[in-house]
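Welcome! Let us walk through this structure together, one part at a time.

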Amino acid sequence: MNRINDIDLHRWQEYDEIITDSLWIFEKRDTSGAHLGWYWGNFIPQIPRQLMLRYTKKGDWVLDPFVGSGTTLIECRRLGRNGIGIELNPKVAQKARKMINKEENRHNVITEVVVGDSREIDIKSVLDKYGIKQVQFVIMHPPYHDIIKFSDDERDLSNAECVDDFLRMFCEVIDNVLQYLEEGRYFAIVIGDKYSKGEWIPLGFYVMDEVLKRGYRLKSIVVKNFEETRGKRNQKRLWRYRALVGGFYVFKHEYILLFQNEKGEAGMNKKYRLFVTESEGICPECGWDTERLLGFGVNKEDARRKIYELTGGAGYGLCTYCLCAELLDKDYYIVEE
Ligand SMILES: C[S@@+](CC[C@H](N)C(=O)[O-])C[C@H]1O[C@@H](n2cnc3c(N)ncnc32)[C@H](O)[C@@H]1O
């Protein structure tokens, strides 16, 4: 029995629709049924469709914390998967619900859009409502930082002041959401890079690195062709000129990063996050103030406990310098938050 999808491996040659290569080229978007493509910044329905065919079974639960116009949930209805979407913007959520409900619900699944900030929404209570504790697949399509401004809300990732802030906010979402993903199951991040001040900013790789630091197993980096946005299409020649002048290539691709909720080798010594805590007094090693005490863990308490264990109880009183030295010796990876 296949644990993560409905593919019968005895009949593997019959699944023509399912892509198994890492280069995805779609000539055009699926505009059938409720997929009207009205939302600026949506993804093409073929993305959630392909991912759900590979990584979910009928009746599984899918979580999309950046649900936007509800593309994922429309596909959930078609494929018989239950879907929960979270969207910050109530107006977008309302329109998404309307469109999702236009799609026939032949498999009688639940497709709900919840309004909230995915960084802090209480996912447990959302799942409790349906008597479930975990989901079987998470698909994330965050803003590509500020390329499209989705709202004026400061909690919106597209309003992050800089790339570091964007990454911090994105990490808050993954830490809030991924704790509810069943062990061994998969999650996907759909993201593109951006240009700023004459420089290619590799948002996709930055995001991938953050996930690896948390110890998840990277399964694939898919490169997908990028549909020309309406704006870019009109300015195609101008962009070609800009590229020639500026020494860069015009974006034609984005990434679909596939991870498994299992410990992976690539992230080995990068499992814990770093926290800077309140002042804890004077470091007994060097006499400096311990204002920037460091800790590693999936949350603050965990970080404190681990530091306590690692330093044989002395950790709480060490300053940044002494603690770094101690932990670097032990091969731990340090990220400043
Ligand atoms: C790239 S779009 C997703 C589009 C979606 N895949 C679709 O097909 O319509 C990103 C979405 O994330 C939402 N968003 C931004 N920050 C958020 C946050 N903190 N919590 C929840 N949603 C957020 C935006 O309002 C936007 O609708």
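**A tour from the ligand to the core**

Start at the ligand, where Asn42, Phe66, Gly68, Ser69 and Thr71 come nearest among the 25 residues around it. Keep in mind as you look that this is a predicted model. Sorted by class, the shell around the ligand holds 11 nonpolar, 9 polar and 5 charged residues.

One of those nearest residues, Thr71, leads us on to helix α2, which spans residues 71-79. Is this helix mostly covered or mostly open? It is mostly covered, with 9 of its 9 residues buried. Thr71 and Thr72 are among the buried ones, as are Glu75, Arg77 and Arg78. The cover over these buried residues includes the helices α1 (46-55) and α3 (90-102), together with the strands β2 (61-64), β3 (82-87), β4 (111-115) and β5 (135-140). After α2 comes Gly80, with a positive phi near 75°.

Now turn to the largest nonpolar core, which has 57 residues. Val62, Phe137, Val138, Phe187 and Ala188 have the most contacts inside this core. Its largest share, 7 residues, is supplied by strand β6 (residues 181-191). In soluble globular proteins, nonpolar side chains tend to be buried together.

Our last stop is helix α6 (residues 203-213), whose buried residues are Leu203, Gly204, Val207, Met208, Glu210, Val211 and Leu212. Gly215 follows α6, and its phi is positive, near 90°.

Methods
Residues numbered from 1 in each chain as written. Predicted model: local features only at pLDDT ≥ 70, side-chain atom pairs only at ≥ 80, totals over all residues. Buried ≥ 20, exposed ≤ 12 C-beta atoms within 10 Å, placed from the backbone. Helix = DSSP H or I, 4+ residues; strand = E, 2+ residues; numbered from the N terminus. Contact = placed C-beta atoms within 7 Å. Near = placed C-beta within 6 Å. Nonpolar A, V, L, I, M, F, W, Y, C, P; charged D, E, K, R; others polar. Core = buried A, V, L, I, M, F, W, Y, C linked by C-beta atoms within 7 Å.
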